[in-house]
Amino acid sequence: LCYRKGKTPRRPALKKTNNVEKDPVGVYCRIRPLGAEDEECCVEMISSSTIQLHAPDGLKANRNGEYKETQYSFTKVFGINTGQMELFEDVARPLVEDLIQCKNGLLFTYGVTGSGKTYTMTGSPGEGGLLPRSLDMLFNSIGPFQAKRFVFKPDDKNGIDIQSQVDALLERQKRDSQQSVPKTPSSRQKADLEFADMITPEESRKSKNIDEDCSYSVFVSYVEIYNNYIYDLLEDAQFDSVRPKPPQSRILREDQNHNMYVAGCTEVEVKSTEEAFEVFWKGQKKRRIANTQLNRESSRSHSVFTVKLAQAPLDADGDYILQDKNQVNVSQLCLVDLAGSERTSRTRAEGSRLREAGNINQSLMTLRTCMEILRENQMCGTNKMVPYRDSKVTHLFKNYFDGEGKVKMIVCVNPKADDYEETLVMRFAEMTQEVEVARPVDRPIYHLAAGRRHRNQPVGEPLCRRIMLIESLPALPPCELVDPTDDQTLPRLIEVLEQRHRIRQMMTEQVKFMLQQFDSQMSSKDTFVHDQQSKLNEKEKVILNQKTEIERLEKKSKTLEYKIDILQKTTEMYEQDKRSLQQELEGQEQMLQKELSERRRMEQRMQGVVTDTKLKWEKECERRVNAKQLEMQNKLWVKDEKLKQLKAIVTENSSGGSFPPEPPKKPERPSRERDHTMPQKRSASPTALPVSDFILKNHHNHSDHYCTSTPSTSSPYPSVASCISEWEQKFPIDSGSQSRLHGTPQNQNRTPAPGYSTNSVDRRRGQRWAPDTEAPTNDLDRNTVPPVRPTHRRSRSAGGEKWVDHKPASNLELDTVMQPIIPNAIKVSTPNEKALSKCHKYVLRHQELASDGEIETKLIKGDVFKTRGGGQAVQFTDIETLKQECPTAPRYNISLKYPGLIMLLRCSVSLQMYFGVLFMINKIEDSI
Ligand code: ADP
Ligand code: MG
């Protein structure tokens, strides 16, 4: 289906396609004849398309003759002898043809003032210009096919509405009653130009391409653009000559087809050339009056006369116009008389008029710029913005260049010398030819049969003639023969009969012809009917297709609706889920919060408890430490006492009893209050035995390992001091501490108390093993030493027992000191099953640093027995401690003096590991 909208130039659809046919802008040059007063002609037409400018003599003289002669080429050049008719035929007639064919056209005249623009466009009496000629041709062509007034009605959006004959009639009547004085050509003032004055009837032209099955209507509008303001020249407002009001300016709008139009501009429906010209003249008069009143220069304004042609097809019967706005076609032809193109300086204008003139020049300048950019865009493929909006003239015609249409420009040239320099700027006009405008496309014609307008007419005439012929049959004369000699009747009858025969033959021929005509008509009708039928069938098919398509779409929409329903339900479900989950989440969050606060409270409580407990334990520890300290100090005190006693005994012995023993000075018992002063006091009080004495006396027994623990003077035991000196010989120490060690004993006296000595010395001599049969010889000792348990003894003679002597490799070699010799022993550095299986007893030598800084050797003894699984187990039964003390060395410097002890410390750690290993072996064997 092809619908056509009631609209003017259209093109958006075309704009996108590149294969649009384009025509260059037609630029014509018209040279007017020289005026009577002008003598020098500086324009020469050298061919039908070229002119040459000759510099006038005066100018040549000024510039020393170095002046170039300039040539310009145009689509066509019209010389001074060109008549208005010839120009019309070449330039305007094709545009009018296009207008009738629903195509838009734009024609403007360009040139300096006095170059003949107005002459070319409007003309003078007897020499009608392009405008009256175009109107004449248009009305000659559409004359009998025009619609009744007001059937077509302009809407306010540049389109044309269509209304019924009745509505149109009513509107006509209303209009007539309003216009009390009917306007007839005779009532017009004689001062106005009449169309009849412009063109002679012989010069009338008519288009042959008119579609008779359409109805036409012409609307004209006339606007003036002055100082970049648009004024409606056909406005009905009366011009107040006493107090002239400036006319209301109009604005430009764009319609739905991107065509620009003057909003609210008066469009007058005209039915004849005379009427159209009358309207034009009315506008022209108004323009003249306004220019005079407002002191304007008429040559500075552009005038735009628009002829709008609306056409709509007749209905199938050919009686009425099809009442369908979409079927209305509108095309327009704009005839523009541009303002003078001369530069401002030439006009000697001043003040506001100079400014106005500047604006006018500005608009022409914009026109030039637009043309230049358009050309550049088209030729170079650029996409520069064309500044149509910079002036009203270019903005109004924007879509002719951007869209489609036919554009023509007549450049008017006055060959007089004064205009030479103005004519020089003709380069623009020449360039404009290179601008191309999309050719308006042919509109497809509606799907209605041709010849509708004459459908009811053809049969009438031949029928009448036939009746006439029948009526014209001559009457038969009386044919009674009464007289045999009557020789008139028969010939008369014969003549009449012959006449009748001839008439009948004629009638027969006519009828034959009519029948033939009828036949042909019938056949054409048949074909038409056939055509229509096939079209109908096609349409039906289309309808059927569309129906199925509609059904399909309906089904689709139903399924979609169903889907939407489902989705909505799902969404609801999900939302419900979401809500419940949110609630759950909130509940859990609350619980979590509660738990958190509970935990925090708990933590605080625990912290309180911990600090309480800590405080309590700190106090407890302090208390215990103090108690231990006290205990230790007590012990020390006891030791000191014993030492003193011993010293006393020694001194007694050495003096041979000549001096009575000094009563022992009772040392002060330590108390808590004096704890901190104890070390100083203690370090001064203990006195060592004279070392030399000990060594001399005990040396011979040194190698003997089995002796009594009796601390008598004759006993062969080495003293602690001698042991230390031995140690020091083995591990040399620094001279300072040595001197201290050796220096002090000489000045010190020792008087150990006899009552305490045994216990103390016995412990100090731990390195020696007393044979279990030997009893202490000293009476004093015998009295005080408690009976020794046999389990603590190892007897050489016991014989039968076999020992595993476990001596870890980490043990420090102390030579003879604190090294018990066990007979019958298998010495191992790591316990193994083989050794264990051969023995009954097990002893582990364990060295460690005692609390007073001395080396302490522990003998951990146990019985070996077989396990059920066939392995060996050791059951620990006893621990024997061997400890050595140095009476002279300061207690707390021991680690400095004997660096080996630090090693011992480490060994004790590794020993613990041995224990661990042993236990492990036992455990495993047990389980097996
Ligand atoms: P414009 O409108 O360009 O200012 P006009 O059309 O008013 O110029 O022309 C000025 C004068 O020149 C008018 O009197 C007009 O009759 C005359 N004229 C212009 N062109 C021609 C022509 N081709 N033949 C005869 N007279 C002309
Ligand atoms: Mg003019």
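E620 and R624 sit four residues apart in helix α16, so about one helical turn separates them. Helices here are DSSP runs of H or I with at least four residues, and strands are E runs of at least two, numbered from the N terminus. The pair forms a salt bridge, with the closest N and O atoms 2.9 Å apart; the term covers a side-chain nitrogen of Lys or Arg within 4 Å of a carboxyl oxygen of Asp or Glu.

Keep in mind that this is a predicted model, where local features need pLDDT of at least 70 and side-chain atom pairs count only at pLDDT 80 or more, while totals for chains, interfaces and linings use all residues. Residues are numbered from 1 along each chain as its sequence is written, chains are lettered from A and ligands numbered from 1 in the order in which they are written, and side-chain values use heavy atoms, leaving out hydrogens and water.

On confidence, pLDDT (the predictor's score for each residue, from 0 to 100) averages 76 over the protein chain, and 68% of the residues score at least 70. Residues 1-17 fall below 50, though the model gives this stretch 59 contacts beyond near neighbours in sequence. A contact means heavy atoms within 4.5 Å.

Back to the charges: the structure holds 31 salt bridges. Here are three of them.

| Pair | Closest N to O | Relative accessibility |
|---|---|---|
| R149 and E275 | 3.2 Å | R149 26%, E275 21% |
| E620 and R624 | 2.9 Å | E620 21%, R624 48% |

R149 lies in the loop between α5 (130-142) and β10 (152-154) and E275 in helix α8 (residues 273-293), so their bridge ties together parts 126 residues apart in sequence.

Now for the inside. A nonpolar core is a set of buried Ala, Val, Leu, Ile, Met, Phe, Trp, Tyr and Cys residues joined through side-chain atoms within 4.5 Å. The largest has 50 residues, and I51, F74, F397, F401 and V411 touch the most other members. Helix α10 (residues 351-380) gives the most to this core, with six residues. Leaving aside residues up to four places away in sequence, F397 touches L106, V304, C334 and V336. A second, separate core of 46 residues includes L135, M137, F195 and F280.

Conventions
Buried < 20%, exposed > 50% of the residue type's maximum accessible area, 1.4 Å probe, protein only.
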